[in-house]
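Please look over the sequence and the model shown here. The paragraphs after them go through the structure step by step.

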Amino acid sequence: MAVKFLSLQTNSTSNNNVEVDVNNILLQLLESQTETIKELQRANQALNQEVHLLNEKLGYFTDRFFGHSKETIDSQVTGQLNLFS
């Protein structure tokens with residue numbers, strides 16, 4: 001993102017020309033800033049989508065590698081379970 005520095009030179013013939021020049025410069029600056037904002041919003045949206053996808057992948061791999069924090073058995077099983085057959 002480049003910042004442009006503009007210099008004004010006053011013309012002794014008329015203040016009206018200076019006002020027109022200033023207005024044109026301000027309009028150009030406004031258009032430039034508007035375009036920069038649009039570009040940054042597009043980049044921000046793309047980065048937000050990437051973060052969302054990475055969070056989904058992280059959640060998937062966390063569940064895949066570490067499983068659930070607590071393993072439970074159906075309550076229908078009665079009696080003592082035998083670990084070794």
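Two aromatic rings of Phe, Tyr or Trp (for Trp, its six-membered ring) are called a pair if their centres lie within 6.5 Å; the pair is stacked with planes under 30 degrees apart, edge-to-face with planes over 60 degrees apart, and tilted for the rest. By this rule, Tyr60, Phe61 and Phe65 are linked into a cluster by ring pairs.

The model is a predicted one, in which local features need pLDDT of at least 70 and side-chain atom pairs count only at pLDDT 80 or more, while totals for chains, interfaces and linings use all residues. Residues are numbered from 1 along each chain as its sequence is written, and side-chain values use heavy atoms, with hydrogens and water left out.

The protein chain has one helix and zero strands. Of the 85 residues in the protein chain, 2% are buried. Buried stands for under 20% relative accessible area, exposed for over 50%, and partly exposed for values in between (1.4 Å probe, protein chains only). The chain exposes about 8800 Å², and carbon and sulfur atoms supply 54% of that area. Such areas come from the Shrake-Rupley method with a 1.4 Å probe, and for residues only the protein chains shown count as cover.

How many aromatic pairs does the structure hold? There are two. In one, the ring centres of Tyr60 and Phe61 are 5.2 Å apart and the planes stand at 70 degrees, so this pair is edge-to-face. The other joins Phe61 and Phe65 and is stacked, at 5.9 Å centre to centre and 15 degrees between the planes. Phe61 and Phe65 are four residues apart in helix H1 (residues 15-66), so about one helical turn separates them.

Tyr60 is partly exposed at 48% relative accessible area, and Phe61 is partly exposed at 42%. Phe65 is exposed, with 61%. Phe66, also placed in helix H1, is exposed at 67%. Tyr60, Phe61, Phe65 and Phe66 form a nonpolar patch on the surface, with about 530 Å² of accessible area together. A patch takes residues with over 30% relative accessible area and no salt bridge, joining like charges within 9 Å and nonpolar side chains (Val, Leu, Ile, Met, Phe, Trp, Tyr) within 5 Å.

A salt bridge needs a side-chain nitrogen of Lys or Arg within 4 Å of a carboxyl oxygen of Asp or Glu. One is found in the whole structure. Arg42 and Glu35 form a salt bridge through their side chains, at 3.8 Å from N to O. Arg42 is partly exposed at 49% relative accessible area, and Glu35 is partly exposed at 38%.

Is Thr36 buried or exposed? Thr36, in helix H1, counts as buried at 17% relative accessibility. A polar atom of the Thr36 side chain lies 2.9 Å from the backbone oxygen of Ser32.

Methods: Helix = DSSP H or I, 4+ residues; strand = E, 2+ residues; numbered from the N terminus. Polar contact = N/O pair within 3.5 Å; in protein donor to acceptor, adjacent residues only side chain to side chain.
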